[in-house]
Amino acid sequence: MASINQLAVLSSLSLIVLLSFSLLPDPCLATTRKLSALVQQQPLVLKYHNGPLLKGNVTVNLLWYGKFSPTQRSIIVDFLYSLGSPTKRTPPPSVSSWWQTTEKYKGGPCSVAVGNQILDGKYSLGKSLKTQQIIALASKAAGVKSNTINVVLTSADVAVDGFCMSRCGTHGSGQTKRVNKFAYAWVGDSMTQCPGQCAWPFHQPIYGPQTPPLVSPNGDVGVDGMIINLATVLAGTVTNPFKNGYFQGTSDAPLEAVSACTGVFGKGAYPGYPGKVLVDKTTGASYNAVGLNGRKYLLPAMWDPKTSTCKTLV
């Protein structure tokens, strides 16, 4: 048996689109101020359901399914290492300071370390995967141990059940004979399938306001989109690993630490506009977080339980 929490980026994007139209009886008269005010008025409370969270030292194991270049892998691995990097090692705003918001949830700090990595470049289960196959791959990522997250990353040429239709990533839990439960996550590269849904704001959306896309900070729209979705599912995993942690709504379709703040990357965000972020003067790339090895990333807002608001780095 396995439980699944879906990262409903597509559903959230649809909600953003609906909001943008329902709030604008006359688009010509609408103003940014009105949109921002209306969005900010929505109450946001994630209830704690008294279940266990992933705290302390958490190991993230990776299974790379399909074709990923060394550069693509390094972008993602550097992001994961940056989560656990001391804040003083990177200039602000840092990736690690973004992750520190998870410390405000019950149980204290969660320190992330990168564990084992497995390359499955021969598509051992084919190029079209069902959810149960994702869970099976996750269980083999590096064995099943407590306080680990086994992450499956699929390349741009791999189709996954529900990908681009209702989700851009997933996290949940599986069960084996050796261990009662284990946490897993999956994120796919959407570049050739649905960048408008799963790599926004680095690609124009299919629906809604057609604002110019931002320039991706690492020069790879698909992978930079994966970073946003990986950040979302990782935050959801540590704060709601077994469907009884922090969330709003139902346990089968929850709004979690980051998915509750979908579409918000900087101050002044509103439906269709990611907010004010930083821009690299040399490349023109947009970012809001600095990681190890000079990496720059665009990370989504995370719900802060101390203020009950979506917290952004800039």
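Reader: Which elements are included in what covers the buried residues of α3?
Author: The model is predicted: local features need pLDDT of at least 70 and side-chain atom pairs pLDDT 80 or more, while totals for chains, interfaces and linings use all residues. Residues are numbered from 1 along each chain as its sequence is written, and side-chain values use heavy atoms, without hydrogens or water. Helices (H or I, at least four residues) and strands (E, at least two) are DSSP runs numbered from the N terminus; buried means under 20% relative accessible area, exposed over 50% and partly exposed in between (1.4 Å probe, protein chains only); contact means heavy atoms within 4.5 Å. The cover of the buried residues of α3 includes β3 (56-65), α4 (95-99), β4 (110-120), β6 (148-154), α7 (221-239) and β15 (296-297).

Reader: What distance does α3 reach from its first C-alpha to its last?
Author: Helix α3 covers residues 70-83, 14 residues in total. The expected span is 1.5 Å times one less than the number of residues, here 20 Å. Close to that expectation, α3 reaches 20 Å.

Reader: Which residues have the most contacts inside the largest nonpolar core?
Author: A nonpolar core is a set of buried Ala, Val, Leu, Ile, Met, Phe, Trp, Tyr and Cys residues joined through side-chain atoms within 4.5 Å. The largest has 48 residues, and its largest share, nine residues, comes from α7. Among the buried residues of α3 are Ile76, Phe79 and Leu80. Those with the most contacts inside the core are Phe79 and Leu80.

Reader: Which residues does leucine 80 touch, not counting residues up to four places away in sequence?
Author: Leucine 80 is one of the buried residues of α3. With that sequence limit, leucine 80 touches Val60, Leu62, Val112, Val114, Leu230 and Leu234.

Reader: At roughly what angle do the axes of α3 and α7 cross?
Author: Axes are lines fitted to C-alpha atoms, for helices over the stretch in contact, with angles from 0 to 180 degrees between N-to-C directions. In α3, Gln72, Ile75, Ile76, Phe79, Leu80 and Leu83 meet Val223, Met226, Ile227, Leu230, Ala231 and Leu234 in α7. The axes of α3 and α7 come within 10 Å and cross at roughly 35°.

Reader: Which residues does threonine 148 touch, not counting residues up to four places away in sequence?
Author: Threonine 148 lies in strand β6. Threonine 148 counts as buried because its relative accessible area is 8%. Under the stated sequence limit, its contacts are Leu54, Thr59, Asn61 and Ala183.

Reader: Is asparagine 147 buried or partly exposed?
Author: Asparagine 147 is found in the loop between α5 (131-140) and β6. Although not a glycine, asparagine 147 has a positive phi of about 55°. Its relative accessible area is 27%, so asparagine 147 is partly exposed.

Reader: Is tyrosine 123 buried or exposed?
Author: Tyrosine 123 is found in the loop between β4 and β5 (128-129). Tyrosine 123 is not a glycine, yet has a positive phi of about 50°. Its relative accessibility is 13%, and therefore tyrosine 123 counts as buried.

Reader: What is omega for the cis peptide bond that joins tryptophan 200 and proline 201?
Author: Proline 201 is placed in the loop between α6 (195-198) and α7. For the cis bond between tryptophan 200 and proline 201, omega is about 15°.
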